[in-house]
Amino acid sequence: MDPDNNNSTLFRYLLIAVLITMTAGLVYALLSLPLLASGLSFQVTQNLQLSGVENPVTAVLLNFRAYDTFLEMGVLLLALLAVWSLGTLPKQRETAPGEVLNSLSGLLIPILVLMASYLLWVGASAPGGAFQAGSVLAAAGVLLILTGWQLNEKLQGLPLRFALVAGLSIFMAVGVVLMLFGRRFLEYPPSVAAALILLIEAAATVSIGITLVALFSGGRPESEQQ
Amino acid sequence: MSAVFVYSLVGIGLFNLGLYALIIYPHLLRKILAVNIMGSGVFLVLVALAGRTASGVPDPVPHAMVITGIVVAVSATALALVLMLRVSAATGQPELPEEK
Amino acid sequence: MNWDAWLPLFIILISLLVALAIFPLAEEKVKTRISLNLGGALLKLVLVGFMLWGVYNGHHYETRLPFLPGLDLVLRADALSMLFVVLSTGLWFLTTVYAVGYLEDSPHRSRFFGFFSLCVTATIGVALAGNLITFLLFYELLTLATYPLIVHRGTEASRKAGRTYLIYTIGGGALLLIGTIWLYSLSGTLEFTTRGFLSAVDRSHHPALVIIFVLLIAGLGVKAALIPLHGWLPQSMVAPAPVSALLHAVAVVKAGAFGIIRVVYDVFGIEFSASLGVTLPLAIVAASTIIYGSLRALFQDDLKRRLAFSTVSQVSYIVLGIAIVGPLATIGGLVHLVHQGVMKITLFFCAGNLAETLGIHKVSEMSGVGKRMPWTMVAFTIGTLGMIGAPPLAGFISKWYLGMGALEAGQGWVVFVLAGSSLLNAGYFLPILYAAWFKEPVGNWPAERSFGHYETSLALLLPPLVTALLAVLLGLFASAPFSPYSWSQFITTLEYAP
Amino acid sequence: MVILLPIVAALSCFLWPGRSIWIGLINTFTIVLSVAGLSLQVVEQGAGRYAVGGWEAPLGIALVSDGLSLLMLMVTAVVGLAISVYSSCYFNQDKARHFWPLWMLLWAALNALFLSADIFNIYVTLELMGLAAVALVALAGGKNSLGAAMRYLLVSLLGSLFYLLGVVLLYHSFGTVDMSLLAQRLESSPAVWAAMGLMTSGLLLKTALFPLHFWLPPAHGNAPAPVSALLSALVVKASFYILLRLWLEVFPVASFEAGQLLGLLGAAAVLWGGVLALRQTRLKLMIAYSTVMQIGYLFLAFPLASIAGWKAAVYLLLSHALAKTAMFMAAGNILLYEGHDRIAELDRVAQRLPMTLGAFALAGVSLMGLPPSGGFIGKWLLLEAAIRSGQWWWGIVLIAGGLLTGAYVFKVIGFAFTQSNLPHESRAVPIGMEWAALFMAMLAIGLGFIAPWILSIMDTGSPFGVATR
C-alpha cells in the first residue's frame with residue numbers, strides 16, 4: 001500500500017510517467033490562463049487609504065485579510081506547542097563558540113535588532129513588516145544560541161510564554177475590543193487603523209522572533225519539567 | 001511568452017520534482033525537503049501569476065497569501081524536523097517504520 | 001389528552017422501562033428484580049385486556065410518531081395484532097414466572113432479565129406495528145435483543161450458536177430492508193391496510209412486485225424457519241430453557257410467521273397475491289417444511305432438538321394456512337398461531353423441568369420419568385397430543401380448519417401433507433410418552449435435585465400446567481367469544497372482500 | 001464568536017498548564033453554549049453571512065453559517081464535549097498540559113473551517129487542523145505512534161499543497177477566493193479542471209478514501225483513545241466537508257464520470273475496509289479500518305448527486321461521528337482495563353465493564369445501520385436515493401457493507417461474552433470515561449429518532465440547492 005519502501009524500478013517509471021502527464025496537464029492549464037488579469041489590485045488600491053497603511057501587501061495582510069494572518073499566528077504558536085509537547089530541549093553541548101563567532105555576534109546582534117525595528121516601521125509604507133522583522137529578530141536569537149547563550153532561569157517560565165503568545169493575544173484583543181465598540185471582528189476604524197496595525201505588528205514581531213528561536217532550539221526548556 | 005509564465009512553469013516543475021522526491025526517497029530529511037520544494041513551487045506560481053496586471057504593478061493579494069503560506073510552511077517544517085529527530089531516536093533510523 | 005392515541009405506545013414502553021430498570025440492578029437484588037418483572041408483566045396483561053375489549057367494541061388505538069419525511073412510526077391495535085399481542089403478553093407472564101424459578105442463583109440474572117424484557121418489547125412492537133418500517137424496526141430490535149440470551153451461558157457452543165443465529169437473522173433483515181425500500185419507492189406508502197395497498201400499483205411493476213414478495217418472505221422466512229432458512233433454530237437450543245420457550249413458542253419464530261401474515265394480507269392483499277401467483281409456491285415451501293421438519297425430528301435423541309425440529313414443522317402450518325387462499329384455511333392458520341404457541345411452550349417448560357430436576361436431556365433417558373414427575377409429564381402429554389392434533393385438544397381445531405380450507409380451495413394435496421405430518425408427529429412423540437409412562441426407570445437419574453414434597457419447584461411446575469390447561473380449554477371452548485378461534489373468524493371476515 | 005473561544009482557551013491553558021484541565025472543561029461548556037446560541041440564531045433567521053473586518057468578499061474574508069456548517073458545528077460541539085470529559089480523566093498531569101492547548105486549537109480550527117466561505121482561509125484552517133492533529137497523535141509517544149504521526153504529517157502537508165495549488169489556479173482565473181463569487185464567475189476551462197483535480201485529490205488524500213487510506217489506520221490506531229476518536233469523528237470529516245462544499249457550490253461543472261469514479265472508490269473502500277477490519281486482531285486497528293469503510297459510504301453519494309443523496313451522506317457522516325467516538329472511547333476503556341486490546345482475549349469485559357461494552361454494542365448497531373439508529377436513517381435515505389435514481393447497485397454495496405460491519409462488531413461482542421478462566425490483573429476505569437462512551441453511543445442511537453428535525457436544519461440556506469424533484 002505505502003509506496004515509501006517500494007523502490008522497484010517499474011514503480012519508478014510508472015511514477016515518472018504519471019508525474020509527466022500531470023505536469024503536462026498543469027502546464028496546459030497555466031498557459032490557458034488569460035494573459036492579463038488584474039486580480040484584486042484594483043479593489044486594493046481603491047481601499048488603500050482606508051486601510052491606514054500605504055503598502056498594499058501590508059494592507060492585505062493586516063487589514064483586508066487580517067483574519068488569515070490571525071489564524072496563521074495561531075499556526076505558528078501551534079507548531080511551537082507541538083514541538084514542546086514532543087519533549088524537552090536536547091542537551092546543550094558546551095562548545096566554545098570560537099573567536100570569530102563571538103566577536104561577530106557581538107557586532108551583529110545589535111545591528112540585527114536595529115534592522116528588525118526598521119523593517120517593522122517601514123512595513124507601513126514599503127516592503128517590510130512583522131514577518132520580515134520577526135525573522136531578522138529570530139536570526140539574532142539564533143546567533144545568540146549558537147554562541148552558547150541561554151535564557152535566564154527566571155525568564156524561562158511564565159514570562160517566556162507571555163512573550164510567545166503576545167502576538168496572537170494582542171491581535172485577538174484588538175479584534176474583540178473593536179467588537180465591543182459595535183464593529184465587526186478586526187474592523188478597524190480608518191482613523192486609528194494605522195496605530196492599531198502598528199501595535200499588532202510590534203507584538204507579532206516579538207512573538208514571531210521568539211517563537212522561531214524556540215522552534216530552532218527544538219524542545220521546551222528544562223525548567224518546564226516539574 | 002512572458003517571464004510571468006516562465007516563472008510559473010518553473011513553479012510547476014518544482015512542484016512535481018518535489019512530489020517525485022517525496023515518494024521515492026525513504027530518508028525523512030529528504031522527504032521534508034521535498035515537501036518544502038513543492039511548497040516553494042506553489043508559492044512561485046502564486047506570485048508569478050500576480051504579475052499579469054496591465055499597470056505592471058503586481059497584484060498585492062497573492063504576495064500576502066505567499067507570506068502567510070511561508071509562515072505556515074516554516075511552522076510545519078519545524079514540527080516535521082523535530083518529529084523526525086524523535087522518530088530516529090525511537091527507531092534508530094531516520095526513516096518511516098513499517099506500518100503497525 | 002387522548003388515551004386511545006397513547007395506549008399502544010405505553011404498552012410497549014412498560015416492558016422497555018422494566019428492561020432499563022433491571023440492567024443496572026445488582027445481582028443480589030433478587031426481590032426487586034422479580035417484583036419489577038412480574039409487576040410489569042401483570043400491568044401489561046391488564047392493559048392488553050382493556051385494549052382487547054376496546055378493539056372488540058370498535059375502538060381505534062393508534063400512535064403516530066414522525067420518523068422520516070413522509071414516513072411515520074405507527075403503532076396500531078387492529079384485530080390481527082391483538083391476536084399476537086395477547087398471546088405474547090400472556091405467555092411472557094408465564095415465562096417470567098418460569099424463568100425466575102429456572103435461573104435462581106445463576107450468574108448475570110440482571111443482564112438476562114433485562115434482555116428478556118427487551119425481547120418482549122420488540123415482540124409486542126412487531127405485533128402492534130402499523131406499517132412496514134415500524135415492523136422492520138422492531139423486527140431488527142428483536143434480533144439484537146435475543147442474541148445476548150442465546151449466548152447467555154457464555155460457552156464456546158453458545159457463542160457459535162449465537163453467530164449462526166446472527167448470520168441468518170441479520171442476512172434476513174437485509175433482505176427485508178431491500179424489499180421494504182423498493183416497495184416504498186414503488187408505492188410511496190408502507191401502511192398496513194386491510195386487503196393490501198398494492199393492487200393499485202401499475203401493471204408494469206408486477207414482475208418487480210413478485211421479486212419484492214420473494215425478498216420479504218425470504219427475510220421473514222428466516223425467523224419463521226422455513227426451509228432452507230431454518231438452520232439456526234436447532235442450534236440455538238443451547239440457550240436456557242425459558243429462552244427456548246420464548247424464542248420458539250412466542251417471540252422470534254412467531255414474529256416471522258406473523259410478518260408473513262402481515263405481508264400477505266395487509267401489504268399485498270390475499271386476492272392480489274393470489275393473482276400474482278405467489279401463494280402456491282409459498283404453500284409448497286410451507287408443506288415441504290412441515291414434512292422435512294417432522295422427518296428430522298424423528299431422528300433426534302436430544303429432547304430439545306426434537307422439539308426444535310417439531311417447531312420448524314409446526315410453524316409452517318401457519319404459513320400454509322395463509323398460502324392456501326380461502327377463509328377456512330386462514331382461520332386455521334391464524335388460530336394455529338396461538339395454539340402452537342401455547343402447546344409448544346408447554347413442551348419446552350416440561351423439557352426444562354426434566355433438565356433442571358433430573359438432568360435429563362435425551363429422549364433415551366426418559367423411561368419411567370412419568371412416575372418420578374407425574375404432573376410435569378401430564379402437561380407434557382397434553383402438549384404432545386395437542387401437537388399430534390388429537391381431538392378435543394387445541395391442535396385439532398387448527399388442523400381441522402386447515403384441512404377444510406384446503407378442500408374448500410380445491411387443494412386436496414394439502415390434506416395428505418397434514419395427515420402425513422400428523423402421523424410423523426405421532427411417530428416422534430408417542431414413543432416418548434410410552435417410555436415415560438410405561439417403562440421402568442433404568443438406574444438413577446443423571447443429576448437429581450430434590451425440591452421438598454413437590455416433584456420440582458413450584459415456579460417451574462405451575463406454568464406448564466397452566467399452559468397445558470389452556471391447550472385443553474382452547475380446544476373445548478373454541479367457539480366461545482374471545483377465543484382465538486372466534487377472533488380469527490372476526491379477522492378473516494375483514495380480510496376477505498365480501 | 002465560536003472560533004475565538006477555543007483560542008482563548010488554548011492560550012490560557014498554555015499559560016497556566018497546571019490548571020489546564022479546569023480551564024479546558026470550563027471553556028468546553030462555554031463553547032457548547034455559544035454553538036447552541038449560534039444554531040438558535042440560524043434556525044430562526046436562516047443562514048447568516050459575516051464579513052470579517054468589515055471587508056466584503058472578494059477583498060475580505062466572509063464567514064457563512066448555513067444548515068450544513070451548522071450541523072457540523074453542532075456535532076463538533078457534542079463530540080467535543082464528550083471528548084473533553086473523557087480526556088479530563090484519561091491523561092495524566094504531564095500529558096494533559098500539552099493535550100489541552102492542542103485540543104483547543106484543533107477545535108478552533110474545526111469551527112473556523114466549518115464557518116469559512118473563503119478557500120484560501122480554509123487552507124490556513126486546514127493546516128492549523130492538520131498540525132494539531134499530528135501533534136496529538138504523537139502525544140502517545142512510543143515508536144509506533146511517532147512513526148504514524150510522521151507519516152500523517154507528510155500526508156497532510158502533501159494534501160494541503162495539492163489543495164493550495166488548486167486555490168492558486170482558481171484565484172488567478174477568476175480573481176477571487178470566495179466560494180459564492182467563484183460559483184457565480186465560474187466557467188469551465190482547463191484551469192478549472194486542473195484545479196478541481198488537484199483540490200479533489202488533495203482532499204481525498206486527507207479524507208483517506210481508498211486507495212489513499214494507507215496512512216489512516218496506523219495514525220488512528222496508535223493515537224491516544226480520545227485523539228483517535230477526535231480524528232475519526234471530526235478531522236477526517238472536515239476535509240470531506242470541504243470536498244462536499246466545493247462540489248456543491250464551486251464545481252457544479254463536476255461531471256457524471258467523475259462522480260461515478262468517486263462512487264467506485266467509495267464502494268471499494270467499503271468492501272476493502274470491511275474485509276481488513278474483519279481481519280484485524282487488535283481492537284483499535286479494527287475500528288480504524290472501519291473508519292476507512294465508513295468513509296467509503298459517504299462517497300457513495302457522489303454518483304447519485306441528488307439532493308436526497310447528499311442529505312443521506314451528511315446524515316451518515318453525523319451518525320458515524322457520534323458512533324465512532326463512542327467506539328474509540330469504549331476501546332480506550334477496554335485497553336485501560338485489560339492492558340491490551342487483542343480481540344481474541346477480551347474475556348470478562350461483558351461482565352466487568354457492562355457500560356463500556358454496551359456503548360460499543362450500541363455504536364456498532366448504528367454503524368451496521370440497524371434500526372433504530374442514526375446509521376439506519378442515513379442508510380435508508382441513501383438506499384432510497386440510489387433506487388430512485390435507478391442506480392440500485394450502490395445499494396447492494398451499502399447492504400454488503402452493513403453485513404461486513406455486523407460481522408466484525410459481533411466478533412468482538414461474541415468474544416467479550418466468554419467466561420475467562422485465566423486470571424489477569426486489571427485497572428479500574430474512571431466512571432467519567434465509561435459514561436462519556438455510553439452517552440455518545442446513546443446519542444448515536446437517538447439520532448435515529450430526530451430525523452425530521454435534522455433534515456429540516458439541513459435545508460436552512462439550502463446548501464444542497466433547491467429541490468428539483
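Predicted model: local features only at pLDDT ≥ 70, side-chain atom pairs only at ≥ 80, totals over all residues.
**Chain contacts**

Four pairs of chains touch, and the pair with the most contacts is A and D. In that pair, 43 residues of chain A are in contact with 41 residues of chain D. On the chain A side, α1 (9-31), α2 (41-51), α3 (56-64), α4 (66-85) and α7 (158-180) each contribute at least two residues. The largest share comes from α4(A), with 12 residues. By class, the chain A side has 26 nonpolar, nine polar and eight charged residues.

| Pair without contact | Nearest C-alpha atoms |
|---|---|
| Chain A and chain C | 31 Å apart |
| Chain B and chain C | 29 Å apart |

**A helix pair in chain D**

Within chain D, helix α14 (residues 307-338) packs on helix α19 (residues 431-446) at an angle of about 155°, and their axes are 8 Å apart. Angles over 145 degrees count as roughly antiparallel, so α14(D) and α19(D) are roughly antiparallel to each other. The crossing of α14(D) past α19(D) is left-handed.

The residues that α14(D) brings to this contact include Ser319(D), Leu322(D), Ala326(D), Met329(D) and Asn333(D). From α19(D), those taking part include Met433(D), Glu434(D), Ala437(D), Met440(D) and Ala444(D). The contact of α14(D) with α19(D) comprises 12 nonpolar, four polar and one charged residues.

Conventions
Residues numbered from 1 in each chain as written. Chains lettered and ligands numbered in written order. Contact = placed C-beta atoms within 7 Å. Axes fitted to C-alpha atoms, helices over the stretch in contact; angles between N-to-C directions. Helix = DSSP H or I, 4+ residues; strand = E, 2+ residues; numbered from the N terminus. Parallel < 35°, antiparallel > 145°, perpendicular 65-115°, else oblique. Left-handed = near helix turned anticlockwise from the far one by under 90°. Nonpolar A, V, L, I, M, F, W, Y, C, P; charged D, E, K, R; others polar.
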